[in-house]
Structures are given as structure tokens and as C-alpha cells.
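Here is a short briefing on one model. Please look at the structure first, then read the points by topic.

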Amino acid sequence: METQVGIVGAGPAGLLLAHLLQRAGIESVVLEARTREYVEHRVRAGVLEHGTVEVLKETGVGERLEREGMLHHGVELRFGGTGHRIDFSALAGGRAITVYGQQEVVKDLIAARLQSGGALHFEAEVTSIDPERGVIRFGDEELRCAVIAGCDGFHGVCREAVQDRLRIYERVYPFAWLGILAHAAPSSEELIYTHSDRGFALHSMRSPEVTRNYLQVPPDEDVGEWSDERIWEELQQRMATVDGDFILQEGEIFEKGVTPMRSFVAEPLRHGKLFLAGDAAHIVPPTGAKGLNLAVADIRVLARGLRSYCKDGDGTRLDEYSDRCLRRVWRVQHFSWWMTSMLHRFEGDAFEAKLQRSQLEYVVRSHAAATTLAENYVGLDLEDV
Ligand code: DHB
């Protein structure tokens, strides 16, 4: 088998790349180890930056997103039992975020790929790749490509194939997130990031009928330790306001999972014919919901580079791929680390807790500090980073 671009992984990164290439008349083959059912139901974050929404809309995969996505013009920071709104419209040039589950983006991209007739193989587990020759091996087959896009996530084979050539930067946090989906109406119009003495809590949503909530828990926490009752009780306690006005709507929990927290970057992103993108190259802790948005940013740069290369034989943009992406990666790494550090409880560290309160108060009082949060949250322009 032969193709121009062999794409390993059908998560948001791989699927968006296939979609953008198809629109540019560049042939690609997507290979995914899991089933379609699995990737379409993998629950992840649900906050899309302004730029992420734009690219999906502009390229014809934003129809359902426009209909069902929830536009938010601010978020709440809650600490000491009091809420403070960060107003994106005022602070981030009128930009907003859209709440729409990652797996919904994946469904829309799969539908577009299948409709276009492009190659997308599920349960096609890649066993090895050759980054120099541009060969992907899966099952008994070999796929020869001009370029390999490594979009197979943190545990994939693509980064592993070049691991002795990578510089790794990493930080592991001493906590995880327990995330739930529940049949309950959102208790607030916007997301609530809560700092409390009992640890971090986040109130988010998926629709007018479904909420998504997260609790900071110890790392490697067993979900079995958390009955529905205990989850609601802990959310209620952490999110309670001093005026007692906040009422957290409870409902049937239909999904529970634990997300470990790490910051990770593998440099550089290019090795011969292999280009790493998304979680295969970098992981951010979930606070601020940047993972998907960062993957989309990588893919936009890669797709542009591949257009120049495949259409005009100009490899300059591909040569710049790693450096260009890494500038944004590190900006977003800093933001995600900052949000994580500011909002979580660090066991036994009273000094850290005092710094956090000071920082939170500064963020909600200072126009400059609030702007920093707002402009990073809605997403910086590719050109600005
Ligand atoms: C969601 C996840 C996040 O990590 C975040 O910062 C905000 C929202 C979510 O799943 O809705």
C-alpha cells in the first residue's frame, strides 16, 4: 500500500489532519488501533477555543457544533466561598469559548471522513514505523508514505519509535481528577473553577440536561472508592458559597473516570518523515482544557506545511513545523501549569495555599492579570505565540 500521508491514530488530531488534507486534494490513510465505537465514546474535555471552532466551521464540520455547542463569554473563579467572573468579552477582544464534548468533534470528523470516501481503518493496530523510510507496519501490511503523522496519543508507537532521539520535559502532579457526567441541569450558566480547603472542584456541562463535574483526588485513586453519594457530597462541600446561594443540581451519574495529571513535552516534533502531533508529542494537565485545542493548533501548522510540500514541492514550512508548534506548546504548557498550580490543594503546604489565595485575589482584581487568564483561556492567535 502507498499513500502521501500515513496518519497513525483517529483521535481529533489524526481525523482533523485527514480532513484538512482531503480538502486540499492530498491523499492520506488513517490507521486506528481501536474500534469506531471506542473512539466515538472516549470521554474527554469539552472546551473549544475560538480558533478551534473557526477551523471546524470554516472547513465544513461545524454544523452540529454551531447548533449544539454552548457559547460562553466568561468563567467563574470561586475561592473562599465567593465567586468572581472573568469576562472574556471585555478582556479578550470579544472572543468566547464553546462548550462541546471532544467526542462530539470526533464523531463529526469521522462522519466527514467517511462521507468523503477517504481511507479510515479501525482496529488497524500499527506495530512499528520507520521514520526514515516512511513505512508504517500494521497487521501483515506495509503502508509506504511520503510523510507519517504520529497522532497516536501519549501511549502510541510513533513517539516510542524515536524515543532515543528525544529530549523529554516532564512534571507529574501529586493529584488526579475524578470526572463525572450526570443527568442534571447545569447549576450555573458558565464554568466554575473552585479553589477550596478540601481541594479543587470544577463544574462544567455538556448540554442543558447534562453536567460534567470534576474533583481533585489523590493520584491513582480507585473510582470504586467513590459512590455517587460521596461524589455529590464532596462537590457540594467544595463548591458551597458563604452566602449559601449556590445550589448544585444533582442527578444520575452515568460516567465516572480518573484522569492523571502531568505536563509533558517531547522535543523535537519532527524526525525524518515522522511528524508528532497532539498527545503523542505533549500532554497538558486538564485545568483549562487545552489538550484538544493544542492538538488542533499542531495540525493546522502541519496541514499548511504539507500543502506547500505536496502541491509546490516546498519543504520550508515542514522544516519549521517543530519550532513553530513548540512556541505555542510552551505557552500553553505554562498556562495549564499555572491554572493547575493556582487551583489545587497541595497536601501539607500552607505556604503554597497562601500564595494561591494571593494570586487568585490578584487575578480577579487586576485588569492585567484577568486579561492574562482570559486571553490564554480563549486561545491566543497562532501568529501571536
Ligand atoms: C472541562 C474540562 C476541563 O479540563 C476544563 O478545564 C474545563 C471544562 C470539561 O470537560 O467540560
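**Ligand surroundings**

The residues around the ligand are Ala45, Gly46, Val47, Leu191, Leu202, Ser204, Arg212, Pro286, Thr287, Gly288 and Ala289. A residue is near a molecule or strand here if its C-beta atom, placed from the backbone, lies within 6 Å of it. The model is predicted: local features need pLDDT of at least 70, side-chain atom pairs count only at pLDDT 80 or more, and totals for chains, interfaces and linings use all residues. Numbering starts from 1 along each chain, as its sequence is written.

- The shell around the ligand has six nonpolar, four polar and one charged residues.

**Two residues of the ligand shell**

- Leu191 is one of the residues around the ligand. Leu191 lies in the loop between strand 12 (167-183) and strand 13 (192-195).
- Helices (H or I, at least four residues) and strands (E, at least two) are DSSP runs, numbered from the N terminus.
- Leu191 counts as buried because it has 22 C-beta neighbours inside 10 Å. The cut-offs are these: buried means 20 or more other C-beta atoms within 10 Å of the residue's own, exposed means 12 or fewer, and partly exposed is in between, with C-beta atoms placed from the backbone.
- Leaving out residues up to four places away in sequence, Leu191 touches His72, Val75, Glu76, Leu202, His203 and Ser204. Contact means that the C-beta atoms of two residues, placed from the backbone, lie within 7 Å.
- Leu191 and Arg331 are 140 residues apart along the chain, and their C-alpha atoms are separated by 22 Å.
- Ala289 is also listed around the ligand. Ala289 sits in the loop between strand 19 (282-283) and helix 9.
- Ala289 is not a glycine, yet its phi is positive, at about 55°. Ala289 is buried, with 23 other C-beta atoms within 10 Å.

**Helix packing**

- Two packed helices are described by the angle between their axes and the distance between the axes. Axes are lines fitted to C-alpha atoms, for helices over the stretch in contact, and angles run from 0 to 180 degrees between N-to-C directions.
- Helix 1 (residues 12-23) packs with helix 9 (residues 291-312) at about 30°, with axes 9 Å apart. That makes helix 1 roughly parallel to helix 9. Angles under 35 degrees count as roughly parallel, over 145 as roughly antiparallel, 65 to 115 as roughly perpendicular and the rest as oblique.
- Helix 1 and helix 9 cross in a right-handed way. A crossing is right-handed if the near helix is turned clockwise from the far one by less than a right angle, and left-handed if anticlockwise.
- On the helix 1 side, Pro12, Ala13, Leu16, Leu17, Leu20 and Leu21 meet residues of helix 9, including Leu292, Ala295 and Asp298. This contact has 13 nonpolar residues, no polar and one charged.
- The axes of helix 9 and helix 10 (residues 316-343) come within 9 Å and cross at roughly 170°. Helix 9 is therefore roughly antiparallel to helix 10.
- The crossing of helix 9 and helix 10 is right-handed. Among the residues in contact are Leu294, Asp298 and Arg304 of helix 9 and Arg317, Tyr321 and Arg324 of helix 10. By class, the contact has 10 nonpolar, three polar and five charged residues.
- Helix 11 (residues 350-365) and helix 12 (residues 367-378) pack at about 90°, with axes 5 Å apart. That makes helix 11 roughly perpendicular to helix 12.
- Tyr362, Val363 and Val364 in helix 11 meet Ala369, Ala370 and Leu373 in helix 12. The contact has six nonpolar residues, no polar and no charged.

**Backbone features**

- A cis peptide bond joins Glu267 and Pro268, with omega about -10°. Pro268 is in the loop between strand 16 (252-267) and strand 17 (270-271).
- Glu123 has a positive phi, near 50°, and is a residue other than glycine. Glu123 lies in the loop between strand 8 (119-121) and strand 9 (126-130). With 13 other C-beta atoms within 10 Å, Glu123 is partly exposed.

**A buried strand residue**

- Val217 is in strand 15 (residues 210-217). Val217 counts as buried, with 22 C-beta neighbours inside 10 Å.
- Val217 touches Phe175, Ala176, Trp177, Leu178 and Val258, not counting residues up to four places away in sequence.

How values were computed:
Nonpolar A, V, L, I, M, F, W, Y, C, P; charged D, E, K, R; others polar.
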